[in-house]
Amino acid sequence: MSATGTYRRRKSTTLTRGFIAVGTGAAALLLPLLGAHTASAAPAQTAAAPAAPSAYTNDLDGWIKQSLAVMAEHGIPGSYEGIHRNVMRESSGNPRAINNWDSNAAAGTPSKGLLQIIDPTFRAYHVPGTASDSYDPVANITAACNYAAAKYGSIDNVFGAY
């Protein structure tokens, strides 16, 4: 039995659907402009302004960029590409990564963090202005890049375990 009642929906044509899409898109573009035309300035605040948000995102991209800024302040060479390549090889971008199976781990000092640095090396190459925790992403990247700079000239020259 076919549906022949009065509530049967008629099929729309391609042209009708096109007009609907164009009209919806135009409305989406015009509404912010119309709102800006009628907007007024907010009253001045007398309380202290809130702190500015961090310029860096809390992810691998932000950690690398923040580390590069610290490295630049301390004259430590390295590039985004070199750091990213080594992070992906060492930890796949996991700041809590730990290696419990290699010779360092067998000696009681497992490699940790984004660039898999052991604690004695982290402490020796720690850069002032970063956290003292080897799991801290920025501190880990910066200390490891400082070590790589001392041993290989730059993290950019590291293409395997270091």
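Two aromatic pairs are present in the structure, a pair being rings of Phe, Tyr or Trp (its six-membered ring) with centres within 6.5 Å, called stacked for planes under 30 degrees apart, edge-to-face for planes over 60 and tilted for the rest. The rings of Tyr-125 and Tyr-147 have centres 5.3 Å apart and planes at 75°, so this pair is edge-to-face. Tyr-125 belongs to helix α5 (residues 119–125) and Tyr-147 to helix α6 (residues 137–152), so the pair ties together parts that are 22 residues apart in sequence. Helices here are DSSP runs (H or I, at least four residues), as strands are (E, at least two), numbered from the N terminus.

The model is predicted: local features need pLDDT of at least 70 and side-chain atom pairs count only at pLDDT 80 or more, whereas totals for chains, interfaces and linings use all residues. Residues are numbered from 1 along each chain as its sequence is written, and side-chain values use heavy atoms, with hydrogens and water left out.

**Aromatic residues**

Tyr-147 is buried, at a relative accessible area of 14%, while Tyr-125 is partly exposed at 26%. Buried denotes under 20% relative accessible area, exposed over 50%, and partly exposed the range in between (1.4 Å probe, protein chains only).

**Salt bridges**

Side chains of opposite charge can pair when their charged atoms come close. The structure contains three salt bridges, each defined as a side-chain nitrogen of Lys or Arg within 4 Å of a carboxyl oxygen of Asp or Glu.

| Salt bridge | N to O distance |
|---|---|
| Asp-61 and Lys-65 | 3.1 Å |
| Glu-90 and Arg-89 | 3.1 Å |
| Lys-112 and Asp-119 | 2.9 Å |

Asp-61 and Lys-65 both lie in helix α2 (residues 60–74), where they are four residues apart, about one turn of the helix. Asp-61 is partly exposed, with a relative accessible area of 27%, and Lys-65 is likewise partly exposed, at 42%.

In the bridge of Glu-90 with Arg-89, Glu-90 is partly exposed at 22% relative accessible area, and Arg-89 is partly exposed at 34%.

The bridge of Lys-112 with Asp-119 joins a buried residue, Lys-112 at 15% relative accessibility, to a partly exposed one, Asp-119 at 22%.
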